[in-house]
Amino acid sequence: MILHIDMDAFFASVEQAINPRFKGKPLIVGTRGNKFNTVVCAASYEAKRLGISSGMSTREAFQICPHLEFVVAEQGKYIWTSEQVLQLVRGFGFETAYISIDEFQADIGSDTLPQALAENIQKQIYANFNITASIGVAKNCLLAKLASKLNKPNGIAILTEENLTPVLAKVPAKKLSGVGPKTEPILTGLGINSCLDLYRKSAEFLESILGKFGTNLYEGLHCEETFNSGLDLDCGSDPMPKSVGHSYTFPRASGNPQFIRAWIRLLSEMVGRRLRAQNLLSFTTHLWLSGPEIGNFSSQATSDQATNDSYELYRRVLKIMAKKGLKQPEIRAMGVSAASLTQASYPALFTEQKRREGLLKAMDRINDRFGEDSIYPAVVTFSRKIK
Ligand SMILES: [Mg+2]
């Protein structure tokens with residue numbers, strides 16, 4: 001069985017946990033300091049209940065709720081918390097994969113009582129970080145991820161052989177990861193509305209209507225034992241990973257270039273951080289985007305200069321986008337990863353020193369480029385421990 005953990009309103013929850021003044025209040029996390037002129041990067045459940053969601057302009061959000069609490073995104077806090085939660089989950093002794101900054105998956109085998117385990121994980125996460133997670137358990141990764149969304153927030157859903165059919169019948173097909181605004185109308189047109197409708201179709205049929213994606217979808221729904229620990233990235237215990245990456249799925253698609261750029265910056269920062277932590281340099285930068293118009297876009301570029309500088313990675317990703325003519329795509333999910341890795345030749349200490357110098361310069365460059373309120377390099381918060 002696969003157990004999928006999805007942190008609830010992760011960035012906003014981390015902010016609420018750090019600053020108890022925000023607990024129970026509608027809160028948004030913005031990508032820049034100017035609170036009326038930025039984008040909602042995350043919203044607390046209290047804000048979500050009012051109809052505020054990420055990707056929205058903060059101006060719009062403040063119109064809905066003038067008393068909204070506002071904080072600026074600080075990647076370091078989220079990366080730190082994410083890594084600590086991952087470690088905590090690994091502590092349960094199962095093979096555990098990092099899926100995205102707020103999602104983790106563990107292969108819990110068939111002898112574990114999933115309900116008790118899920119409750120225990122939730123309890124531990126809450127006790128240690130004062131934030132909640134929703135957990136789904138099912139026979140494979142795709143269904144476990146779906147299950148994690150069914151009882152949000154702080155929910156548990158376990159899909160067993162007995163309840164699979166009735167549960168899937170109640171869930172719209174679009175809830176399934178990968179079924180986006182492009183695929184959904186095709187399915188609806190064929191009378192496929194629920195996940196169960198989809199589940200009952202043959203591989204051949206799904207392939208005939210959705211091509212390769214249909215085959216993958218069938219595989220994803222029906223496979224039993226595949227533990228997809230390399231969904232987007234490889235950050236296991238392998239001393240020399242093939243690639244290092246981070247991805248994120250937004251609650252809804254956004255075409256806001258500021259929002260998209262901020263996220264590329266954030267993901268590049270996270271990738272750079274991981275490279276530096278492992279004393280690695282990367283030649284190849286890879287960008288993956290998914291959205292209603294562009295479908296699944298994936299492209300990479302290789303430079304003759306290896307880097308682990310986050311800003312340089314960010315710059316390389318923007319270059320890929322510009323080269324591919326992606327001006328203002330609507331984006332639902334994105335991933336940045338670094339491949340063609342090589343061990344940094346000089347000692348870590350020196351790297352660290354160089355990095356700090358480089359980062360200071362990078363901060364200046366960003367501020368020059370995007371103005372003073374641009375997203376802050378995580379170095380500001382790397383060393384800060386929560387509580
Ligand atoms: Mg989440």
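Which residue just after H12 takes a positive phi? I looked, and Asn279 does, at about 55 degrees.

**Ground rules**

I note first that this is a predicted model, where local features need pLDDT of at least 70, side-chain atom pairs count only at pLDDT 80 or more, and totals for chains, interfaces and linings use all residues. Residues are numbered from 1 along each chain as its sequence is written.

**Whole chain**

I found 15 helices and 12 strands in the chain; both are DSSP runs numbered from the N terminus, helices being H or I with at least four residues and strands E with at least two. Of the 387 residues, 44% are buried. A residue is buried if 20 or more other C-beta atoms lie within 10 Å of its own, exposed if 12 or fewer, and partly exposed in between, with C-beta atoms placed from the backbone. I also looked up contacts (C-beta atoms, placed from the backbone, within 7 Å). Among those between residues at least 6 apart in sequence, 65% join residues at least 24 apart.

**H12**

I checked the length of H12, which covers residues 257–277. Its 21 residues should span 30 Å at 1.5 Å a residue, and the end C-alpha atoms are 30 Å apart, which agrees. The expected span is 1.5 Å times one less than the number of residues. As 17 of the 21 residues are buried, H12 is largely enclosed by the rest of the structure.

**H13**

I then turned to H13, residues 310–323, whose 14 residues reach 20 Å from first C-alpha to last, close to the 20 Å expected. Its buried residues are Ser310, Tyr311, Leu313, Tyr314, Arg316, Val317 and Ile320.

**H12 against H13**

How do the axes of H12 and H13 cross? They come within 8 Å and cross at roughly 135 degrees, which makes H12 oblique to H13. I used axes fitted as lines to C-alpha atoms, for helices over the stretch in contact, with angles from 0 to 180 degrees between N-to-C directions. Angles under 35 degrees count as roughly parallel, over 145 as roughly antiparallel, 65 to 115 as roughly perpendicular and the rest as oblique.

On the H12 side I listed Ile264, Arg265, Ser268, Glu269, Val271, Gly272 and Arg273, which meet Ser310, Leu313, Tyr314, Val317 and Leu318 of H13. These divide into 6 nonpolar, 3 polar and 3 charged residues. For the classes, Ala, Val, Leu, Ile, Met, Phe, Trp, Tyr, Cys and Pro are nonpolar, Asp, Glu, Lys and Arg are charged, and the others, Gly among them, are polar.

**H4 against H5**

H4 and H5 (residues 114–129) pack at about 140 degrees with axes 11 Å apart, and are therefore oblique to each other. Their crossing is right-handed. Thr81, Gln84, Val85, Leu88 and Val89 of H4 make the contact with Ile121, Gln124, Ile125, Asn128 and Phe129 of H5. I counted 6 nonpolar, 4 polar and no charged residues there.

**Two glutamates**

Glu74 sits in the loop between strand E4 (69–72) and helix H4 (75–90). It is buried, with 22 other C-beta atoms within 10 Å. Its C-alpha is 8.9 Å from that of Leu266, 192 residues apart along the chain.

Glu119 lies in H5 and counts as partly exposed, with 13 C-beta neighbours inside 10 Å.

Technical notes: Two residues are in contact if their C-beta atoms, placed from the backbone, lie within 7 Å. A crossing is left-handed if the near helix is turned anticlockwise from the far one by less than a right angle, and right-handed if clockwise.
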